[in-house]
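The entries follow the order in which I looked things up.

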Amino acid sequence: MKILYQIAIIFSICLAGEVISVLLPFPLPSSIISMLILLIMLFAGWLKIDHIREKSDFLLSNMAFFFIPAGVGVIEHLDTIASFWLEFIIIVVVSTVAVFLVTAATVTFFLSLENRRKAE
Amino acid sequence: MKEVICSSPFFGITLSITAYAIGVWLNKKTGKAFFNPLLISYLIIIPLLLISNIPLEWYNEGGDIINMFLSPATAVLAISVYRQRELLKKHLLTVVMGSLAGSLCSIIVVSLMCVLFGLDDALTASLIPKSITTPMAIAVSESLGGISSITVLAVIVTGILGSIISPLLIKLFRIKNEIVQGLAIGASSHAVGTSKAIELGEIQGALSSVALVTSGVITVALSLLI
C-alpha cells in the first residue's frame with residue numbers, strides 16, 4: 001500500500017504539471033513544472049522525502065532505463081545519422097569541452113568573489 | 001505468432017529490461033565508461049529489431065509504457081537538489097552563474113557549429129539541448145522542432161564523452177577545487193557525467209547533480225527565448 005501511495009503522490013504532481021503546462025501562455029515542459037512543484041513542496045515542508053522515498057529512489061537509481069525507448073526511436077532516422085555522423089561527433093566533442101571549460105572558469109571567478117566578500 | 005509475441009506490450013518491456021540488465025552487468029564487470037548501460041541497451045535492441053524485422057510500432061507497445069515514466073523521473077530530480085540544499089544555499093550565486101555560463105556556451109557553440117556545417121533547422125534544434133539531462137533535453141528538442149531520438153543519441157554520446165574526458169581536463173588544466181570540478185562536470189555532461197563525479201568525491205558528486213538540474217532548467221528557460 002505504501003508504494004501505491006507514493007506512486008499516487010508523484011503521479012498526481014505530474015498530472016498537475018501537465019495541467020499547468022497547458023494553461024501557461026509559453027511552452028514550459030510539464031516534466032519541468034512537476035519538478036518545480038515537487039521542489040516547492042519539499043522546501044515549504046508540505047511533503048517530506050520519507051513520503052516518497054522508495055518510489056523516487058526507484059526512479060532515480062534506474063533513471064537511465066527510462067530513456068531506452070526514446071533512443072530506440074533513432075531506428076527511424078538511421079539515414080539521417082549516417083549522413084552527418086562526422087559533423088555530429090565534432091559538434092559533440094567541441095561543445096562538451098567548451099562547456100566544461102567555460103563553466104569551470106566562471107565558477108572559479110565567482111568562488112574567488114565569494115571568498116573576497118567573506119574576507120571583508 | 002511473431003506478431004502475437006512481438007506486438008505485446010510485454011515484449012518491449014521485457015526486451016528493454018533484459019538489454020539494460022546486460023548493460024549494467026557489463027559496466028560493473030569492466031568498470032569502463034564506454035560500457036555505458038544505456039549505450040549497450042541500444043547496441044542490443046536496435047540491431048535485434050532491424051535483423052528480425054520487428055517494426056518500431058510493435059516495440060513501442062511496451063516502449064510507450066516505459067516512456068511514461070520519463071516525466072516522474074524528471075520530477076524526482078527535485079529530491080537530489082533538495083538533499084544538497086545546504087551546499088546550494090552557501091554557493092547559490094556561483095552555482096547559478098556557472099550553470100548560466102555553461103548553458104549559454106552550449107547553445108551558442110552548438111548553434112554556430114550547426115551553421116558552419118550547414119545543418120538544417122530540425123538537426124540544429126535536435127542538437128541544441130545536448131548538454132542537459134535526457135528528459136529535459138527531449139522537452140527542449142520537441143518545443144524547438146527537433147527530432148527527439150537524435151537528441152537522445154546526442155545527449156548520451158555527450159554524457160559518455162564527458163565522463164571520459166572530464167578527469168583528463170581536470171588534470172590538464174590543474175583544476176584542484178572540488179566545487180569547480182563538480183559544477184563543470186554536471187553542466188557539461190549531465191547525469192552520465194555525474195556518475196563519474198560521484199567517483200571523484202562526495203562534493204564533486206553533490207555539485208554535479210545540482211548543476212545538472214540548474215543547467216537543465218536554465219537551458220529550458222533560454223530555449224523559450226530562441
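**Entry 1: model and secondary structure.** I note at the outset that this is a predicted model. I counted the elements of chain A and found six helices and zero strands. Reading along the sequence, I wrote the pattern down as α-α-α-α-α-α.

**Entry 2: overall dimensions.** I looked up the radius of gyration of chain A, which is 21 Å, whereas a compact globule of 120 residues would have a value near 14 Å. Taken along the principal axes, the box filled by the C-alpha atoms of chain A is roughly 60 × 50 × 35 Å. I then checked burial: 36% of the 120 residues of chain A count as buried.

**Entry 3: geometry of H1(A) and H2(A).** I turned to helix H1 (residues 2-23) and helix H2 (residues 30-44), both of chain A. Their axes come within 8 Å and cross at roughly 125 degrees. I recorded the crossing of H1(A) past H2(A) as right-handed.

**Entry 4: residues in the contact.** Which residues of H1(A) and H2(A) meet? On the side of H1(A), I listed Ile13(A), Cys14(A), Ala16(A), Gly17(A), Glu18(A), Ile20(A) and Ser21(A). On the side of H2(A), I listed Ser30(A), Ser31(A), Ile33(A), Ser34(A), Ile37(A) and Leu38(A). I sorted the residues of this contact into seven nonpolar, five polar and one charged.

How values were computed:
Residues are numbered from 1 along each chain as its sequence is written. Chains are lettered from A and ligands numbered from 1 in the order in which they are written. This is a predicted model: local features need pLDDT of at least 70, side-chain atom pairs count only at pLDDT 80 or more; totals for chains, interfaces and linings use all residues. Axes are lines fitted to C-alpha atoms, for helices over the stretch in contact, and angles run from 0 to 180 degrees between N-to-C directions. Helices (H or I, at least four residues) and strands (E, at least two) are DSSP runs, numbered from the N terminus. A crossing is left-handed if the near helix is turned anticlockwise from the far one by less than a right angle, and right-handed if clockwise. Two residues are in contact if their C-beta atoms, placed from the backbone, lie within 7 Å. Ala, Val, Leu, Ile, Met, Phe, Trp, Tyr, Cys and Pro count as nonpolar, Asp, Glu, Lys and Arg as charged, and the others, Gly among them, as polar. The radius of gyration is taken over C-alpha atoms; the globule rule is 2.2 Å times the number of residues to the power 0.38. A residue is buried if 20 or more other C-beta atoms lie within 10 Å of its own, exposed if 12 or fewer, and partly exposed in between; C-beta atoms are placed from the backbone.
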